[in-house]
Amino acid sequence: ESEDLGKPTHHKRTFPISPEDFFIRFFTSRIPGDDVLHEFSVGLKGVTDLSDSGWSDRGCCLERKVKFTQALEYMIGPSSCVMNQEITAARPDKRTIHIKCCSYSRELPYGDSFNTEYLLTVREGAHAGECEVSSSVWLKWLKSLWGMKGMIENNARPRQEDTLVRMLKFFETVRTER
């Protein structure tokens with residue numbers, strides 16, 4: 001994971017809760033699949049058949065696996081694909097939580113060549129009782145793709161960045177409603 005920490009930050013937000021409360025509030029629940037992250041995912045356009053393993057303790061971190069069908073809007077190719085997400089949460093120190101997500105679909109053209117990944121870094125804020133959340137997004141290349149890499153980068157990464165911005169805005173509205 002250490003190589004992922006040097007990725008550029010794309011978005012920052014401050015929440016009036018501690019890093020622990022941020023994680024508990026938005027990523028956990030007593031019932032698997034009944035947390036705010038799940039609620040956000042189900043509300044995304046074209047997402048159906050969402051299943052969630054819930055969190056399991058791997059010793060070094062917590063891990064969660066999510067699977068869903070995503071409708072596609074391409075003129076050629078499949079009309080939908082199964083997406084897989086592997087989410088880990090780790091505490092590198094007392095002030096920070098890292099939430100990393102690896103998303104992939106092997107059903108997409110060239111889908112076996114890359115993963116879309118993001119890292120949310122949740123740190124204690126400048127003031128007591130708040131946290132700063134920063135996000136980084138990148139593509140992890142599994143195979144070389146001469147000529148297609150730029151087109152995939154220009155499509156997949158901005159979509160993931162947009163989804164993260166919408167997710168953090170959704171978290172802000174939910175925080176004030178509940």
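Predicted model: local features only at pLDDT ≥ 70, side-chain atom pairs only at ≥ 80, totals over all residues.

Mentor: Residues are numbered from 1 along each chain as its sequence is written, and side-chain values use heavy atoms, with hydrogens and water left out.

Trainee: How many helices and strands does the protein chain have?
Mentor: The protein chain has 3 helices and 8 strands. Helices (H or I, at least four residues) and strands (E, at least two) are DSSP runs, numbered from the N terminus. Along the sequence the pattern reads β-α-α-β-β-β-β-β-β-β-α.

Trainee: What share of the residues is buried?
Mentor: Of the 178 residues in the protein chain, 43% are buried. Buried means under 20% relative accessible area, exposed over 50%, and partly exposed in between, with a 1.4 Å probe and protein chains only.

Trainee: How many aromatic pairs are there?
Mentor: There are 10 aromatic pairs. Rings of Phe, Tyr and Trp (its six-membered ring) pair if their centres lie within 6.5 Å; planes under 30 degrees apart count as stacked, over 60 as edge-to-face and the rest as tilted. One of the pairs is F22 with F171, edge-to-face at 5.9 Å centre to centre and 70° between the planes. This pair links distant parts of the chain, since F22 sits in helix α1 (residues 19–27) and F171 in helix α3 (residues 149–177), 149 residues apart.

Trainee: Are F22 and F171 buried or exposed?
Mentor: Both F22 and F171 are buried.

Trainee: And why is the pair of F23 and W55 called tilted?
Mentor: The planes of F23 and W55 stand at 55°, with the ring centres 5.4 Å apart, so the pair counts as tilted. It also links distant parts of the chain: F23 is in helix α1, and W55 is in the loop between β2 (47–52) and β3 (56–57), 32 residues apart. F23 is buried at a relative accessible area of 11%, whereas W55 is partly exposed at 23%.

Trainee: Which residues do ring pairs link into a cluster?
Mentor: The cluster consists of F15, F22, F23, F26, F27, W55 and F171.

Trainee: Which residues have the most contacts inside the largest nonpolar core?
Mentor: They are F15, F22, F27, I99 and F171, in a core of 32 residues. A nonpolar core is a set of buried Ala, Val, Leu, Ile, Met, Phe, Trp, Tyr and Cys residues joined through side-chain atoms within 4.5 Å. Helix α3 gives the most to this core, with 5 residues.

Trainee: Changing topic, how much space lies in the largest pocket?
Mentor: The largest pocket holds about 1,300 Å³. On a 1 Å grid over the protein atoms alone, a pocket is an open set of points with protein on both sides within 12 Å along at least five of seven lines, a cavity is a set where a 1.4 Å probe fits but cannot get out, and lining residues have an atom within 4 Å of a point. Grid points are joined across faces, edges and corners, and a volume is the space filled by probe spheres set on the points.

Trainee: Which residues come closest to the pocket's centre?
Mentor: Of the 43 lining residues, Q70, L72, Y74, L108 and R159 are the closest to the centre of the largest pocket. Helix α3 gives the most to this lining, with 11 residues.

Trainee: What about the largest cavity: which residues line it?
Mentor: The largest cavity, of about 30 Å³, is lined by L37, H38, S41, L50, D52, R64 and V66. Helix α2 gives the most to that lining, with 3 residues.

Trainee: How many disulfides are there?
Mentor: The structure holds 0 disulfides, a disulfide being a pair of cysteine sulfur atoms within 2.5 Å. C60 is in none, and its nearest cysteine sulfur, that of C61, is 3.3 Å away. C60 is exposed at 58% relative accessibility, whereas C101 is buried at 0%.

Trainee: Which strand holds D49?
Mentor: D49 is in strand β2, and has a positive phi of about 55° although it is not a glycine. Most residues other than glycine have a negative phi.
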